Amino acid sequence: SHAGERDRAARTRTTIMLNLWSGWIQLGFAGFAAIVFVAFVWLVKEVIRVIGNVTKVVSANTATIAALGATLGENKTLSIEIKDKLLESPCMLPDEVRGKVREWMKDFEKRAEQREGGV
């Protein structure tokens, strides 16, 4: 009787395992796998779309920064020309003040050159 109970328990476990792999269960697993696959494909497409948008933004920002750099260079050149013309023109300031302004401008130019040179 003890052996019969073991056989019956073994058959029950086997029946449960066979039921787990029945057609409906397999169909459910297959359906779930299909849903997960579709979700994965959609997510990959979204990531690719976002990367494309980020690339466009980075390109636009790079172009803007390059244009800004060119404008700043032009502004610097123009400012230096204006400064030179102002220093060449007759000045109504007393000589001591004019000398201080010239010293300040030379110091400003030296600091600007140091910044450009990476010092």
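I began with the exposure of Phe 108. Its relative accessible area is 37%, so I put Phe 108 down as partly exposed (buried is under 20%, exposed over 50%, partly exposed in between, with a 1.4 Å probe and protein chains only).

The model is predicted: local features need pLDDT of at least 70, side-chain atom pairs count only at pLDDT 80 or more, and totals for chains, interfaces and linings use all residues. Residues are numbered from 1 along each chain as its sequence is written, and side-chain values use heavy atoms, with hydrogens and water left out.

I then searched the whole structure for aromatic pairs and found one. Trp 104 and Phe 108 are stacked, 5.7 Å centre to centre with 20° between the planes (ring centres of Phe, Tyr and Trp, the last by its six-membered ring, within 6.5 Å; stacked under 30 degrees, edge-to-face over 60, the rest tilted). Both residues sit in helix α3, four residues apart, about one turn of the helix.

For the fold I noted three helices and zero strands (DSSP runs, H or I of at least four residues for helices, E of at least two for strands, numbered from the N terminus). Of the 119 residues in the protein chain, 3% count as buried.

Phe 108 is among its lining residues, as are Lys 76 and Glu 116. Helix α3 gives the largest share of the lining, seven residues.

Note on methods: On a 1 Å grid over the protein atoms alone, a cavity is a set of points where a 1.4 Å probe fits but cannot get out, and a pocket is an open set with protein on both sides within 12 Å along at least five of seven lines; lining residues have an atom within 4 Å of a point.
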